[in-house]
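This briefing concerns domain organisation and aromatic pairing. Please examine the model shown below before reading on.

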Amino acid sequence: MRNTVILVCLIIFKSSTLLSQAPTIIDFNPKKGPIGTEVTFIGAGFHPVPDSNIVYFGATKAKVIQASPTQLIVNVPNGATPKYPTITNSINGLTAYASQIFKVTFKGALTFLPYTKVSSEGSSPVAIQIADFDNNGKADVNVTNYGQRAPIQYSTTTILQNLTSSSNINLSKPTPLTIPNTTQSSTIGDLNGDGKIDIILQGRATYLKNNSKIDTVLFSSMTQNNINTNFGSNEYAIIDLDNDGKPEAVGASAFNNIMVYRNNSTVADINFSELLTFDTVVSSYNICVGDLDGDNKPDVALYTSSNISVLRNTSSAPGQISFAPVVSFPKTPDVFNYGARYAIAMEDLDGDGLKDLAVSNGGGYTVSVLKNTSTIGTINFAPKIDFTTGFSPYSVSIGDIDGDGKPELVSANQGSYSISILRNLCTPGTISFAPKTDVTVEQQPYAVAIGDLNMDGKTDIVAATFSTVSILQQTSTTKGSLYANGPFCGAGNGQLTFLGAAGNGPYTVVYNDGITNRTAINVFSGVPFNVASSPISSTTTYRLVSVTNPNNSVQTTDFDIDTATITVQSPPANINVTDNYTSGNYLISAGNISANNKISNATVEYKATQSIILLPGFSAVSNVFKASIGNACN
């Protein structure tokens, strides 16, 4: 049964306001779980039609189950990567960025098959990223080549399309795209709110607009923005600095500043309308962005020629981009010891809610971690701690490799032909990593990226090496697991998710719901399926009976997790509201609410599981009253 709101009054919305409102993400829960987990986003500016919201968990797009202007419920998609979730209102093309990542959990063991390699369709690949460029639900790989492609002398950025159909990763369909010669970095993100991942290159924010269709990769020719400038950026990050719903291109520059290209794009076209610069005192080479002091504004961290520099975001309103004066860590230029290439990355490593910094010391044998000790309005870091890697780590990425909910450090070691994985042993307030685990790859790895490429729920690793892309596929230690959605208030549409050990699927899953055995066909790993008897009105436990794998083998025992429970909470009693509210704050929750009262000079929310009826005697000032259908159990 569908939940309904009956309004016995006329409510008029100003459509122009709704269409122009940028979405915002206040919070989401849960913060971690396996592929298929049901996640609720709370915020504003969402579209009430589910399919008009585009939700990305890093590399891949999620399915939106329910939608309202203030809440979205989605399933975590296959191929989700450790990036900030984004929500785009597809009607106005405006985007919101979450301030935290969703942590995909699974059973991993830091073991990989021997590396395989594919051509990058160029020479000297120096940057690598993972995203679903053709919107088919599979994470592809983008590699940018510094060298030129023979026999035609130009550089390329190549999309390696994911053709994986079984447990083994297949990136055998390359699409090379022409870019300026000797390009050394690239960044990906949706620049114009059309739900497709674009590419931006170092320099004057040269970009390639994604026009791909499902299973077909297609990009526009490279376009240089129309702002005249004599200098460019070494590396860009893509983030919305002023909460206007349009992400800026923020660049590390060799001209003692950061470059901020203000985004004025529409869904149909990418456009940068203004260049802003902010002083960094010294030149900078690498950049990462994120909220460092907990004020919900993305700050900028840079690797510079002598230190780590941070600019705290002080933007006050859409269109008003500003930063506090630059601060540097540590104060001595030689603290990182080596003068070769570096990379910088940002994430909460110890689970204390603050994003820490990791820097690769290319030319040495270490990655340095700076623990975040900031408070709102003041950014600060503890002295660096060094952790041993292979020789000359040119880059560092952060992501959960073993599935325990803690992000590992992964370095590409140009001097030792290896990838080093440092398993996270941190506890809140304490930075600690296990001794490195080295995995061999092709010669001279320059960059590394983390993501699930074969849809088995576990993170794999790709590395840009001297002339190819090396693929490290995490070996399967899983034997199949069952998960459930919920909890529900009163009742809900029950769904189960099966994570398989034999590739993407399809599987045939037989489960028991306490009454009889049920069969679900064409089940894909990590994709929720409806239970046979729904909606669910009481707490029910489901047990795996058998699973038929894609190769027709049948498994009946030895699953990792063979039971899952959908919890149904009891809603509160029905309420008839007759008291008038003239001051204070009130939250009225029930299964069904009938209101025949007056609200003035008070802030009141009615939250019901099934219905809200506003009777003729009801009246309220619109800016202090809110009515919503949702989980009224809490």
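How far apart do the C-alpha centres of domain 2 and domain 3 lie? In this predicted model, the two centres are separated by 37 Å. The protein chain as a whole is divided into domain 1 (24–104), domain 2 (111–475) and domain 3 (480–569).

**Contact between domain 2 and domain 3**

- Five residues from domain 2 and five residues from domain 3 take part in the contact.
- About 380 Å² is buried between domain 2 and domain 3, and carbon and sulfur atoms account for 52% of that area.
- On the side of domain 2, S167, M455 and D456 supply 67% of the area buried against domain 3, more than any other three residues.

- The residues of domain 2 that touch domain 3 comprise one nonpolar, three polar and one charged.

**Aromatic pairs**

- The structure holds 18 aromatic pairs, one of which is formed by Y394 and Y446.
- The rings of Y394 and Y446 are arranged edge-to-face, at 5.6 Å centre to centre and with 65° between the planes.
- Y394 belongs to strand β31 (residues 393–399), whereas Y446 lies in the loop between β34 (437–440) and β35 (447–451); the pair therefore ties together parts that are 52 residues apart in sequence.

Key. Residues are numbered from 1 along each chain as its sequence is written. This is a predicted model: local features need pLDDT of at least 70, side-chain atom pairs count only at pLDDT 80 or more; totals for chains, interfaces and linings use all residues. Side-chain values use heavy atoms; hydrogens and water are left out. Domain bounds come from an automatic or database domain assignment. Contact means heavy atoms within 4.5 Å. Buried area is the accessible area (1.4 Å probe) that two parts lose on being put together, summed over both. Ala, Val, Leu, Ile, Met, Phe, Trp, Tyr, Cys and Pro count as nonpolar, Asp, Glu, Lys and Arg as charged, and the others, Gly among them, as polar. Rings of Phe, Tyr and Trp (its six-membered ring) pair if their centres lie within 6.5 Å; planes under 30 degrees apart count as stacked, over 60 as edge-to-face and the rest as tilted. Helices (H or I, at least four residues) and strands (E, at least two) are DSSP runs, numbered from the N terminus.
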